[in-house]
Amino acid sequence: MVSLTDAEQAMLEGESGTATQRAMELLVRYADALGAERFVETNNVAGVPGSAPQWVKDYYAEDGGDYRAVFCRFDLDADDVFDVPRMNAFSCHLQGGMDPQLWGEQGMTEAAHDNFVSDEAQVAAHGIQILKTCTPYLAGNVPVMGEHCAWMESSAVVFANSVIGARTNCEGRESTSAAMLAKRIPDWGFHRDEFRKGHHSVDVQVPVDSIYEWGMLGYFVGDAVQDTIPVISGKISDPSLIRHKHFGAAAASSGGVEMYHMVGITPEAPNIEHAFGGAPKGERFIYDAAARKRIYDSLNSVGSSDDVDYVMLGCPHYSIEQIAQAAALLDGRKVHTNSALWVFTSRAVKATADANGYTDILRKAGAFLMTDTCSAISQAVPKGTKVVAVDSAKQVHYLPAMMGIEGWYGTTAECIDAACTGKWKGKLA
Amino acid sequence: MSTVLDKPKAVLHGRKVVGGVIEGEAMVTNETISGWGGINPTTGTIIESRHELKGQSFANKILVFPGAKGSSGWSGMFHMAKLRDKAPLAMVFNIMTTKAALGAVVMRVPTVTELDQDPLSVIKTGDWVRVDGDAGTVTVWDKKP
């Protein structure tokens, strides 16, 4: 049984109100399931609190069929319905279901949009920040090293643990919604020092020096180490935020990597011994030219037609640096009449793109800069899409399988060329 | 009642994840399971490309698997399967993760882990299984006794 502080016991007994009491009840069940011995305090929570499609609301029709009913019965898994106050922790809403303006282009119905608007008003009314992104660290929530967080979104979790040195497990919807009220999360897994040490080595023997190469290496690493912690060394260079973003998202998709060490690059890996907490152990995986070729072929195994009718960029959500690059590649060109180009980012980053004129450049070329979601999350692609091209290993892992379409993986430049010509000409350089 | 058939072929001892007692038919996989992007919650069907259970439903089965993987949407997707009456009856798994723990909690199905024998080698698909979450035991028969 998890042990409780006096303050936690008081919450469990209802001294902070019914909603916090129900949140604490769920967190105690969860901590006991994990085998956690105590809680840590957190004041940085990111999830998808209370947002739900209409059928979930309808399921709780007898409880009111509204945001409140979903938050109480689904998010907190409570048997009753009660008033939900403003959240106690600093709380953020991650990605959502549609673009707030371009939802019609995405094929959403007016009824679905009304539901989206209604949920968002409730989220704001409960004091939850409307970040609406899978990259909260690019939109106003950057944790610091050692900070205990409770985050959903596997690509954000791996970034927070590995690149920043913050501490979060890959939390779920219900645990994050409860943590927003109780400001507690089980002290288990990545919150604990002993859990953050490396399990296996990855030796990089071919140069990995661009976002495209980092993405492929990430896909290799996840496939090799599954859900354990890799320690990566060798010819990996030129680290930057966007390279880590694509590497971690890929590793979290092909395996279930929630933390990685890169020797001399990430903060908890100044050297190999530190990364392993002693001598290197586990298996040693080699990333060489043959492994690189195998990963490239695997990422492109669901592509056969060269006729690309959709190009999706922005998985994880594009940074302003990537939007600037896409705008430069697209400036003065037109998206082909047989194709479409959608670029996804957060609302915060889009505001900068608007100010810099990038949104206009994309629009004049026939492309859209969209926010909040992506094609996989919203299951929205241009009507009739059969073949998609992406510059994200994570997206090519998920989207073709979810939508029953073909998919290509390549560089950002290859993707934009495909959007402007309607033809896929990508190849492994 | 005391026939040969009543004698279980194995009793495994482990740790409670979620309490409760239930019996049912086992569905066993040696592959980890993704929630978001890996299952269809409306039908309880595995949809992941190349998964050995692709196209099969775990609804009302005792799901025996190595553990959860993939997106943080695991608990949310299995929770939605519960609303559709397509949740597993119980779960038995080897690798503890936040995804599997939270999923078991919100589905409120008896769940056991850390067993003294590997459930993936002892239990076969179609075996009759009783999961006693409170006692942390898993009892296995070749067929319904």
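The C-alpha centres of domain 1 of chain A and domain 3 of chain A lie 28 Å apart.

Me: Hi! What sort of model is this?

Reply: Hello! It is a predicted model.

Me: And how is chain A divided into domains?

Reply: Domain 1 of chain A covers 6-193, domain 2 covers 198-299 and domain 3 covers 310-421.

Me: Back to domains 1 and 3 of chain A, how many residues are in contact there?

Reply: Domain 1 of chain A brings 19 residues and domain 3 of chain A brings 17. On the domain 1 side, the classes are seven nonpolar, nine polar and three charged.

Me: How many helices and strands does chain A have?

Reply: Chain A has 17 helices and 15 strands. Its radius of gyration is 22 Å, close to the 22 Å that the globule rule gives for 429 residues, so chain A is as compact as a globular protein of that length.

Me: What box do its C-alpha atoms fill?

Reply: Roughly 65 × 60 × 35 Å, taken along the principal axes.

Me: Let's do helices. At what angle do H8(A) and H9(A) pack?

Reply: Helix H8 (residues 211-225) and helix H9 (residues 241-254) of chain A pack at about 25°, with axes 7 Å apart. That angle makes H8(A) roughly parallel to H9(A).

Me: Is the crossing left-handed or right-handed?

Reply: The crossing of H8(A) and H9(A) is right-handed.

Me: Which residues meet there?

Reply: From H8(A), the residues include A:Trp214, A:Gly218 and A:Val221, and from H9(A) they include A:His246, A:Phe247 and A:Ala250. By class, the contact of H8(A) with H9(A) has 10 nonpolar, seven polar and two charged residues.

Me: What about H8(A) with H11(A), which angle do they make?

Reply: H8(A) packs with helix H11 (residues 289-299) of chain A at about 90°, and their axes are 10 Å apart. The two helices are therefore roughly perpendicular to each other.

Me: Who is in that contact?

Reply: A:Met216, A:Tyr219 and A:Phe220 of H8(A) meet A:Ala291, A:Arg292, A:Ile295, A:Tyr296 and A:Leu299 of H11(A). Those residues divide into seven nonpolar, no polar and one charged.

Me: How does H9(A) pack with H16(A)?

Reply: Their angle is about 40° and their axes are 7 Å apart. On the H9(A) side are A:Ala249, A:Ala250, A:Ser253 and A:Ser254, which meet A:Ala393, A:Lys394, A:His397 and A:Tyr398 in H16(A). This contact has four nonpolar, three polar and one charged residue.

Me: Switching to chain B, how many residues does each chain put into the contact?

Reply: Chain A gives 26 residues and chain B gives 23. Helices H2 (18-34), H3 (54-59), H6 (154-164), H7 (173-182) and H16 (393-403) of chain A each supply at least two residues of chain A's side.

Me: Which one gives the most?

Reply: H2(A), with four residues. The side of chain A that touches chain B has 12 nonpolar, seven polar and seven charged residues.

Me: Last topic, backbone details. Where is the cis peptide bond?

Reply: It joins A:Cys315 and A:Pro316, with omega about -15°. A:Pro316 lies in the loop between strand S11 (310-313) and helix H12 (320-330) of chain A.

Me: And which residue has a positive phi although it is not a glycine?

Reply: That is A:Asp372, with phi about 80°. A:Asp372 is in the loop between strand S13 (368-371) and helix H15 (375-378) of chain A.

Technical notes
Residues are numbered from 1 along each chain as its sequence is written. Chains are lettered from A and ligands numbered from 1 in the order in which they are written. This is a predicted model: local features need pLDDT of at least 70, side-chain atom pairs count only at pLDDT 80 or more; totals for chains, interfaces and linings use all residues. Axes are lines fitted to C-alpha atoms, for helices over the stretch in contact, and angles run from 0 to 180 degrees between N-to-C directions. Angles under 35 degrees count as roughly parallel, over 145 as roughly antiparallel, 65 to 115 as roughly perpendicular and the rest as oblique. A crossing is left-handed if the near helix is turned anticlockwise from the far one by less than a right angle, and right-handed if clockwise. Two residues are in contact if their C-beta atoms, placed from the backbone, lie within 7 Å. Ala, Val, Leu, Ile, Met, Phe, Trp, Tyr, Cys and Pro count as nonpolar, Asp, Glu, Lys and Arg as charged, and the others, Gly among them, as polar. Domain bounds come from an automatic or database domain assignment. The radius of gyration is taken over C-alpha atoms; the globule rule is 2.2 Å times the number of residues to the power 0.38.
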